[in-house]
Amino acid sequence: MAYERYHISTKTWPNQASPVPKFVITRADNCINCGKCERSCIFGVHKRSEQDPRKMADPVNALCKNCFMCIQECPQRALTMMPGTDYRELGRGVWTSLRVSTIWGESETGKIPVLGAGYRGMFAGPGYDGMWTDMSEIVRPTRDGIHGREFISTSVDIGSKPSALEFGKDGGLQTHVPQIIEIQVPIVMDSTRLRGLTSKMLAGWSNAARNLDTLMFAAPAVVSEEIHGAQINHFVPVYPDGTDVRTILVPNGVRMAELQYTPSWREDAKRFKSMYPHTLLAMRVRSGKGVEKQVLDMAKAKIEVAHIDFDDEGMELDSHAPRHAKDSLRAVHKTLVSKSVRDQITIIAAGGIAAAEHIPKTLICGADVVAMERALLVAIECRNCVTCSMGSCPASLISVQPDWIEGRVTNLVGAWRDQLLEVLGAMGIREVRRLRGELGRAIFYDDVETEAFSDIGGGDDNG
Amino acid sequence: MTMAETPRACAKDLPEASGVPSEHLKFINRYTVARADACISCGLCASLCPYGVHRRIEGHAKILPPDDRKCIGPSCAVNYFFCVANCPTNSLSVSGSDTFISLGDPRWPSEMILATWHMAETGKPLPLEHPGNVGASGGGFDKLYFKMPGQDKFDPDTICTAIDLNRRGEGAKIRIPIPIYGGGMSFGSVSVPTMVSRARAAKEWGTFTCTGEGGYPEALIPYKDHVITQIATGLFGVREETIQRTRIVEFKYAQGAKPGLGGHLLHDKNTPEVARMREAVAYTSLFSPFPFHSVYSVEDHKKHLDWAHAINPSALLAVKVSTPNDVEMVSVGSYYAGAHIVHLDGGYGGTGAAPEIAKKNIAMPIEYAIPKVHKFLVKEGIREEVTLMASGGLRSALDVAKAIALGADGAIIGTADLVALACVRCGNCESGRGCPRGIATTDPVLDRLTQADWGAKRISNMYGAWRLQWCDLLTRLGMSDISELRGRTDLLRHGDNPTKEVGT
């Protein structure tokens with residue numbers, strides 16, 4: 001087979017819902033329609049009214065870039081700028097307005113967001129906001145990111161890898177080499193935790209997953225519906241809690257199936273393995289206290305993949321004192337490493353992946369692969385409203401078409417992969433597999449705060 | 001230079017502040033005064049308000065709309081002349097301004113932008129307790145406070161704020177009277193008038209500014225003794241003569257806003273003029289490589305410095321690096337390779353264009369890197385031979401002082417210079433026609449909006465105000481020379497509540 005570099009083709013898939021302006025300009029009654037605002041605005045926010053050219057039209061807020069020129073120039077001081085209410089209400093928790101609108105932009109263009117001026121946000125924050133990735137210069141090998149000629153690989157292997165190979169006297173390979181699924185991006189898609197989905201969404205995501213050469217986790221019914229179509233080997237049927245393993249019928253062509261971690265998981269796994277010895281088995285486990293022990297047991301029981309679920313904020317699900325994924329995953333990774341079984345199980349981390357930077361950070365903390373969930377919806381302009389109802393959806397998600405959905409999600413994965421490449425390039429790492437568990441190449445808030453400021457007398461909070 | 005001959009005379013011949021009136025910059029009002037339709041234009045408010053918020057033009061029946069820029073806010077309620085309480089028709093109200101909260105962000109809150117403008121316009125320092133000295137990002141410099149007694153009188157003529165840029169035993173001695181110089185901003189990322197403003201201010205103050213990586217525009221040649229030539233990975237416009245005409249050559253390995261990534265100049269900013277300077281094709285996006293592909297080790301790095309030294313033996317060598325985990329090794333390596341100035345650029349630094357992911361997530365903030373490098377250089381026994389300069393999110397005179405207390409010798413300023421030029425930090429600098437104030441643009445029409453004379457005065461005023469703030473701080477701390485402050489972490493306090501730290 002001819003060598004071909006993996007590449008994600010992106011093209012513009014414009015936003016369809018009405019824009020959510022970051023800033024809203026209001027014009028007071030004392031405006032004298034002098035038109036100075038029109039002349040001062042280089043973005044075209046202010047225009048004369050088409051119906052009555054003596055008057056100014058309402059400002060086009062979506063074009064406003066927060067430059068204050070019109071406010072500065074207005075002789076009547078008739079203009080006021082305020083942060084957009086709708087914008088501020090976008091998203092919640094780690095899904096900040098900024099992240100939601102960033103995902104919209106990435107899904108529209110497929111490009112890395114590049115903006116002027118330095119960082120504008122908080123110094124640090126909870127979860128992944130309290131973590132920085134390392135970079136290389138002078139004393140360490142360095143390499144270009146996306147603009148260089150060198151290829152940086154983002155492919156990962158899913159499955160259990162033997163720790164060593166044994167050969168017989170005749171030179172033949174004695175070790176049983178298990179099944180491995182190679183995917184081209186360390187990102188899989190999971191629709192099973194999302195609500196209110198349409199068949200068009202599932203079709204769009206599934207096509208995107210197939211073309212991106214990654215996996216799509218979906219309910220078995222979705223997989224069987226697609227069976228009449230062409231390829232289904234990118235599907236991972238997820239059998240819900242309470243499924244009797246004996247009744248499972250894995251469609252032909254499916255390479256991996258997923259069961260839930262329940263009290264009977266050992267028997268379930270054993271039975272599944274005897275029924276489908278050539279299908280990889282993933283087991284979905286709810287994160288919480290002791291998840292590291294559960295994953296260790298799964299590795300020992302020869303389950304190939306642990307799919308660890310966190311909530312939408314990236315916090316543990318089953319715990320009185322939930323840890324963030326960055327701490328939980330580090331504990332899991334370290335436990336597996338200490339028992340020398342790390343490569344026998346693949347870890348998929350799911351939940352709270354809300355921005356490109358969350359991917360390298362999750363991998364550094366010990367996951368092999370991350371799962372995209374809510375981001376699949378946000379890519380198609382979901383606003384992550386508290387009360388979700390298809391009838392009153394501001395993005396009219398019920399009517400969006402599969403090819404648009406496919407294009408948007410492909411763009412988003414493309415933009416996220418490019419940003420991952422930039423992070424890898426900055427670290428001087430040439431393949432994403434090497435990023436997993438590279439804790440020495442990350443900077444954690446608690447560590448650096450102590451290192452830098454431990455000799456400085458504290459105020460109220462660090463006593 | 002005169003400074004070098006008389007090392008303690010840093011208070012001599014410093015530029016005077018000159019007022020730069022700019023009425024149009026006072027568009028931001030903290031409070032909104034609203035007048036309802038019920039107003040009968042009786043004029044009582046106009047006769048009461050001593051600040052001039054309410055006014056009626058002689059002979060007019062109606063009173064003018066309130067000029068809320070002059071309003072002192074709801075705290076005025078304690079005064080007998082409070083307009084809201086006195087209005088017979090209850091048609092006045094005072095509240096916080098929406099426009100005010102639309103300006104700024106946690107790193108550069110609106111108070112800080114206004115404070116910088118104020119200093120740029122007047123050259124007068126703000127009290128160290130003023131909220132505009134500290135950001136609201138909740139960490140780093142914004143969580144570090146000086147343990148200092150309350151305000152005292154100070155005499156700026158007796159306080160030395162100068163630092164040496166060459167602390168090695170050999171080579172040219174360069175002393176700058178304030179502990180800051182200007183960081184690299186390329187032609188392409190900013191306009192020529194912006195660069196000339198900075199260079200002129202640098203000349204007035206006897207300090208430096210830097211070309212950035214976009215070549216050396218001819219308009220800077222009159223200021224060549226105060227312009228650092230930067231050699232960055234793209235090598236744009238780097239020529240023998242640009243290296244030979246400078247007193248400091250800076251090698252830029254990485255930039256804080258995009259550590260591990262090369263410079264970004266998006267296509268529409270690469271106008272024919274910029275392209276000519278960079279010897280590139282106009283209107284193509286220019287991405288500098290990362291890294292220098294000729295430098296993969298300290299030995300390679302030394303070759304680089306030796307090469308610059310061979311071209312211009314009298315120039316000091318500065319090395320600009322970002323802040324990875326092993327930044328202390330990078331710094332030591334740079335020193336042994338022959339650098340005079342080690343310039344650390346922390347993760348939250350400014351930029352004309354950078355991927356958003358790189359601004360927050362790659363490499364550590366400067367607040368962590370300074371003590372790390374300072375302590376390591378002390379341990380290595382070479383601290384007194386290195387000039388350690390910090391940059392990357394240093395916004396105010398107090399940030400600079402905090403960086404020095406953490407262990408730097410001085411600091412490098414970028415964004416603050418632009419805010420002095422009336423930048424509102426709207427952040428559209430990546431786009432060719434995105435800067436309506438002609439600061440970060442190369443558009444031939446827009447770049448006329450900033451005049452170099454005006455800009456130079458404003459930057460110079462800001463430096464002057466900052467110097468007075470340092471004098472104030474040093475006096476309160478019982479010091480007379482800013483070099484005494486270096487590494488004095490014992491004078492800092494790390495905490496959340498600024499009101500408790502101030503004036504105790």
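This is a short tour of the two-chain model on your screen, stop by stop.

The model is predicted, with local features needing pLDDT of at least 70 and side-chain atom pairs counting only at pLDDT 80 or more, while totals for chains, interfaces and linings use all residues. Residues are numbered from 1 along each chain as its sequence is written, and chains are lettered from A and ligands numbered from 1 in the order in which they are written.

**Stop 1: the domains**

Start by colouring chain A by domain, with bounds that come from an automatic or database domain assignment. Select 23-83 for domain 1 of chain A and 156-166 + 175-448 for domain 2 of chain A. Their centres, taken over C-alpha atoms, are 48 Å apart. In chain B, domain 1 is 2-19 + 143-151 + 153-172 + 179-497, and domain 2 is 29-101. Here the separation of the C-alpha centres is 45 Å.

**Stop 2: the eight-stranded sheet of chain A**

Two strands pair if DSSP finds at least two bridges between them. Look for an open sheet of 8 strands in the order 9-8-7-14-13-12-11-10, with parallel pairing. Strand 9 (235-237) and strand 10 (256-260) of chain A are at the edges with a single partner strand each, so one side of each has no neighbour in the sheet. From one strand to the next, the twist averages 30°; angles run from 0 to 180 degrees between N-to-C directions, and axes are lines fitted to C-alpha atoms, for helices over the stretch in contact.

Zoom in on strand 8 (residues 216-218) of chain A, which pairs with strand 9 of chain A in the parallel sense over 3 bridges. Pick A:Phe217, and you will find its bridge partner, A:Val236, in strand 9 of chain A. Helix 5 (residues 199-212) of chain A packs on this sheet, touching strand 7 (187-190) and strand 8 of chain A. Residues are in contact if their C-beta atoms, placed from the backbone, lie within 7 Å.

**Stop 3: where the chains meet**

Now show both chains: 65 residues of chain A are in contact with 86 residues of chain B. On the chain A side, helix 12 gives the most, with 6 residues. That side divides into 32 nonpolar, 20 polar and 13 charged residues; Ala, Val, Leu, Ile, Met, Phe, Trp, Tyr, Cys and Pro count as nonpolar, Asp, Glu, Lys and Arg as charged, and the others, Gly among them, as polar.

Select strand 3 of chain A and strand 14 (residues 354-355) of chain B, which pair in the antiparallel sense over 2 bridges. A:Val114 stands opposite B:Pro355 there.

Another sheet to find is open, has 3 strands in the order 16(A)-17(B)-3(B), and shows mixed pairing. Within chain B, strand 3 and strand 17 (residues 492-494) run antiparallel and are joined by 3 bridges, with B:Leu144 opposite B:His494.

**Stop 4: a helix pair in chain B**

Finish with helix 6 (residues 192-205) and helix 15 (residues 452-476) of chain B, which pack at about 45° with axes 8 Å apart. The two helices are therefore oblique to each other (angles under 35 degrees count as roughly parallel, over 145 as roughly antiparallel, 65 to 115 as roughly perpendicular and the rest as oblique). Among the residues making the contact are B:Val196 and B:Trp205 of helix 6 and B:Ile459 and B:Tyr463 of helix 15. The contact residues divide into 8 nonpolar, 4 polar and 3 charged.

Notes. Helix = DSSP H or I, 4+ residues; strand = E, 2+ residues; numbered from the N terminus. Contact = placed C-beta atoms within 7 Å.
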